[in-house]
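Thanks for coming. I will go through one model today, moving from one element to the next, and take questions at the end.

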Amino acid sequence: MLVRLRRWLTLGLLLTVVAVLVPDSARTEADYALLKVERSHAVDWPRDVVWMLALGSDARKGQSMTRSRADSIHLVGVNARTGNGVIIGLPRDSYVDIPGHGRDKINSSMVYGGPQLAARTVQRLARVRLDYVFLTGFGGFAWLIHHLGGIRINPPQRMSGLGHSFPDRQQWVNGSKALGFSRIRYGLPGGDFDRSRNQGRVLKAGLQRAREVADNPGRFERMVAAAVARMDTNLSPAEMYRVGRAVLTIRPNRVRNCVIPGGTGSAGGASVVFLNRDALSRVMRDVRRDATLDRGC
């Protein structure tokens with residue numbers, strides 16, 4: 001407990017210091033964005049529970065990270081009191097209502113209105129109050145995994161694509177291979193649903209690795225400082241500390257990885273995913289207030 005408290009205090013001091021170094025939200029060349037979700041009014045909510053929308057931008061070189069389609073969309077809930085957590089994948093082609101823009105693929109919400117509109121879309125869809133939205137692109141994702149020293153993944157089947165091959169066993173991968181594993185869709189039995197599940201596996205492995213790195217005195221703090229220097233944010237030091245504390249208190253073996261099921265079809269001439277709304281409602285009723293998935297996905 002004393003070691004954990006010392007880590008929290010060190011992290012809090014670090015975030016307070018680096019807050020003055022964080023670029024403002026107008027900076028376009030940042031590799032990450034960590035933003036407080038805009039809300040029109042306060043909502044009573046358990047303060048031990050943090051809900052974040054994790055987005056992976058599909059931006060290519062020369063394109064805006066915040067106004068390109070989202071390649072990866074996951075609701076991440078963390079209970080800082082119990083260490084429980086849940087990762088809920090929403091396939092990027094899910095056909096949903098986007099506030100002010102009618103029905104479209106959920107990944108288009110980023111194009112229409114950036115991370116904040118993506119957060120509003122997911123909040124309305126899942127009926128959950130989001131605290132933060134975290135966004136990164138391909139390069140930022142690979143950099144983060146690299147500076148964690150790599151992660152362990154355990155593919156459910158042999159996979160190959162995007163210049164990488166993965167046997168069906170536990171293995172250590174660097175940032176580039178982790179990115180490839182997250183993006184492969186073709187050849188997977190469940191297509192985009194399986195890809196979303198693999199992305200959840202990578203998120204869970206990243207949380208596990210962050211916990212391990214945090215036990216190395218000074219290393220986690222140096223990594224956080226380096227990441228924050230490459231980040232756009234509107235969070236106060238206290239809010240950044242809350243996010244960091246949630247990461248340090250989570251127990252990866254208590255994190256459930258879930259992808260909302262659905263069926264494929266077409267709309268407006270495009271291939272889309274129609275989410276199973278009953279399944280989504282059931283999962284969200286289970287996890288909304290404690291970020292704990294007690295029943296099946």
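What covers the buried residues of helix 4? Before the answer, the ground rules. This is a predicted model, in which local features need pLDDT of at least 70 and side-chain atom pairs count only at pLDDT 80 or more, while totals for chains, interfaces and linings use all residues. Residues are numbered from 1 along each chain as its sequence is written, and side-chain values use heavy atoms, with hydrogens and water left out.

Now the answer. The cover of helix 4 includes helix 3 (138-147), helix 5 (192-214), and strands 8 (151-153), 9 (159-161), 10 (164-166) and 11 (171-173). Contact here means heavy atoms within 4.5 Å. Helices (H or I, at least four residues) and strands (E, at least two) are DSSP runs, numbered from the N terminus. Helix 4 itself spans residues 175-183, and its buried residues are Gly175, Ala178, Leu179, Gly180, Phe181 and Ser182. Buried means under 20% relative accessible area, exposed means over 50%, and partly exposed is in between, with a 1.4 Å probe and protein chains only. At the N-terminal end of helix 4 the cap is Asn174, with a side-chain oxygen 3.3 Å from the backbone nitrogen of Ser176. For polar contacts the rule is a pair of N or O atoms within 3.5 Å; within protein, one must be able to donate a hydrogen and the other to accept it, and residues adjacent in sequence count only if both atoms are side-chain atoms.

Two charged side chains sit over rings. Lys177 lies over the face of Phe166, 4.9 Å from the ring centre, and Arg183 lies over the face of Phe138 at 4.3 Å. The criterion is NZ of Lys or CZ of Arg within 6 Å of the ring centre and within 35 degrees of the ring normal. Phe138 is also one of the buried residues of helix 3, along with Gly140, Phe141, Ala142, Trp143 and Ile145. After helix 3 comes Gly149, with a positive phi near 90°.

Phe166 comes up again in the core. A nonpolar core is a set of buried Ala, Val, Leu, Ile, Met, Phe, Trp, Tyr and Cys residues joined through side-chain atoms within 4.5 Å. The largest one has 43 residues, and Tyr132, Ile151, Phe166 and Phe220 touch the most other members. Helix 5 gives the largest share of this core, 6 residues. Apart from it lies another core of 40 residues, among them Leu125, Val128, Val133 and Val287.

Next, the sheet around strand 2. In strand 2 (residues 49-57), 9 of the 9 residues are buried. Val49, Trp51, Leu53, Leu55 and Ser57 point one way, and Val50, Met52, Ala54 and Gly56 point the other way. Strand 2 pairs with strand 3 (residues 70-79) in the antiparallel sense over 9 bridges; DSSP has to find at least two bridges for two strands to count as paired. Met52 has Val76 as its bridge partner in strand 3. Strand 2 also runs parallel to strand 7 (residues 132-136), joined by 5 bridges, and there Leu53 stands opposite Val133.

What does the side chain of His74 reach? His74 is in strand 3, and its side chain reaches the backbone oxygen of Ser196 at 3.0 Å. His74 counts as buried, at 0% relative accessibility.

Last, the aromatics. Rings of Phe, Tyr and Trp (its six-membered ring) pair if their centres lie within 6.5 Å; planes under 30 degrees apart count as stacked, over 60 as edge-to-face and the rest as tilted. The whole structure has 4 such pairs. Tyr32 and Phe134 are stacked, 6.0 Å centre to centre with 20° between the planes. Tyr32 is in strand 1 (residues 32-36) and Phe134 in strand 7, 102 residues apart. Tyr32 is buried, with a relative accessible area of 1%. Tyr95 and Phe274 have ring centres 6.0 Å apart and planes at 80°, so this pair is edge-to-face. Tyr95 lies in strand 5 (residues 95-98) and Phe274 in strand 15 (residues 270-275), so the pair ties together parts 179 residues apart in sequence. Phe274 is partly exposed, at 34% relative accessibility. Ring pairs also link Tyr32, Phe134 and Trp143 into a cluster.

That is the tour.
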